[in-house]
Amino acid sequence: MSYDRVRAVDDEVAEALTGERERQNDTLAMIASENHVSEAVLEAQGSELTNKYAEGYPGERYYGGCEYADEVETLAIERATELWGAEHVNVQPHSGSSANMGVYFSVLEPGDKILSLDLTHGGHLSHGHDVNFAGKLYDVTHYEIDPETGRLDYEALARKAEKTQPDIIVSGFSAYPRQVDWEAIQEAADAVGAYHMADIAHITGLVAAGEHPSPVGIADFVTGSTHKTIRAGRGGIIMCDEEYADAVDTAVFPGAQGGPLMHNIAGKAVGFGEALEPEFKEYAAQVVTNADVLGETLQEHGFSLVSGGTDTHLVLATSATPTRTSRGATPRRP
Ligand SMILES: *Cc1c(COP(=O)(O)O)cnc(C)c1O
């Protein structure tokens with residue numbers, strides 16, 4: 001893609017797009033929530049499906065001419081089912097936050113209680129931060145990371161659940177470098193009759209590749225973004241048991257969204273297809289290995305890591321004590 005057709009009508013945007021491509025190619029930006037999609041995903045996302053209204057679901061749309069939209073969405077669903085093994089998949093959420101909204105709208109009423117990890121401990125805005133719709137609509141309390149170990153304290157979480165009697169416990173995190181014990185959180189939810197939503201936005205790709213234990217089949221709902229470790233382009237996804245399928249689908253459309261972003265769903269279909277190839281498993285394993293080596297090396301250079309290391313694609317480095325490196329340079333703050 002050369003942006004020639006954009007340039008022909010709009011120099012300024014073409015310049016910015018070209019600049020962004022160069023920036024992405026020439027900069028080392030290790031943002032854990034970002035990834036680079038393939039040219040195939042890019043092409044699908046740039047397709048004519050952006051023109052198509054397809055409110056509804058495959059086979060039951062409110063618009064004519066949806067035969068190809070149906071095909072694309074069905075492929076995305078089938079491939080997601082193969083990747084993560086859920087009974088039911090909804091690929092329409094516009095983003096990870098919209099996926100979480102879809103789950104909340106499917107089983108909660110305004111004023112219901114959410115128990116989730118504090119944002120400053122690694123949670124996400126959509127888990128009920130004050131400035132977010134979830135914080136405004138629901139009654140939110142938080143569990144925390146053990147300050148000694150930098151890890152989740154599952155017993156403290158269970159005690160908090162006992163005390164606050166939430167309607168839903170939210171697990172899955174934005175800034176947590178360790179494997180999550182989904183079963184321990186499910187037990188805490190079962191003990192108080194709460195739903196459990198596992199938001200695997202960051203680790204979708206690692207879970208799909210078997211590099212991180214899967215909450216599918218354990219938690220009632222699993223949500224994710226599709227642009228992080230799974231690298232299938234910007235968007236969201238919800239997975240759940242068949243018993244919640246109708247509630248989730250209705251909550252997403254017409255509950256929270258209008259027409260699905262069919263061009264992005266095409267990107268998801270292509271990206272999920274790529275992730276089903278054996279190379280993706282190698283890629284995901286390599287991502288974890290690289291993060292581990294990065295963490296080790298940072299520690300050798302005086303940084304301290306929350307929890308002392310990583311099991312995933314992300315490293316949480318807190319501080320650097322200025323020490324001389326082998327080349328005599330002083331490490332900079334991250
Ligand atoms: C990234 C992320 C999301 C999704 O965010 P969007 O920007 O709305 O796609 C949701 N939950 C968690 C835990 C995340 O890290």
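A pocket here is an open set of grid points with protein on both sides within 12 Å along at least five of seven lines, and its lining residues have an atom within 4 Å of a point. Keep in mind that you're working with a predicted model.

**Exercise 1.** Find which residues lie nearest the centre of the second largest pocket, and which element gives the largest share of its lining.

*Solution.* Start with the space itself: the volume is about 220 Å³. Next, look at the lining, which has 13 residues, with Gly 56, Tyr 57, Glu 60, Asp 249 and Thr 250 nearest the centre. Now turn to the elements: β1 (56-57), β3 (88-90) and α10 (245-256) each give two or more residues. The largest share, 5 residues, comes from α10. Finally, sort the lining by class, and you get 6 nonpolar, 4 polar and 3 charged residues.

**Exercise 2.** Work out how the lining of the largest pocket divides by class.

*Solution.* First, picture the space: about 2,000 Å³ lies in this pocket. Its lining takes in 50 residues, and Gln 24, Glu 34, Asn 35, His 36 and Val 37 are the ones nearest the centre. Helices α1 (4-9), α2 (11-26), α3 (39-45) and α12 (278-300) each supply two or more lining residues. Split by class, the lining holds 21 nonpolar, 18 polar and 11 charged residues.

**Exercise 3.** Check whether the span of α2 agrees with its number of residues, then find what caps its N-terminal end.

*Solution.* Helix α2 has 16 residues, so at 1.5 Å a residue it should span 22 Å. The expected span uses one less than the number of residues. The end C-alpha atoms of α2 are 22 Å apart, which agrees. As for the cap, that's Asp 10: one of its side-chain oxygens lies 3.2 Å from the backbone nitrogen of Glu 12.

How values were computed: Residues numbered from 1 in each chain as written. Predicted model: local features only at pLDDT ≥ 70, side-chain atom pairs only at ≥ 80, totals over all residues. Heavy atoms only, no water. 1 Å grid on protein atoms, 1.4 Å probe; cavity = no way out; pocket = protein on both sides within 12 Å on 5 of 7 lines; lining within 4 Å. Points joined across faces, edges and corners; volume = space filled by probe spheres on them. Helix = DSSP H or I, 4+ residues; strand = E, 2+ residues; numbered from the N terminus. Nonpolar A, V, L, I, M, F, W, Y, C, P; charged D, E, K, R; others polar. Polar contact = N/O pair within 3.5 Å; in protein donor to acceptor, adjacent residues only side chain to side chain.
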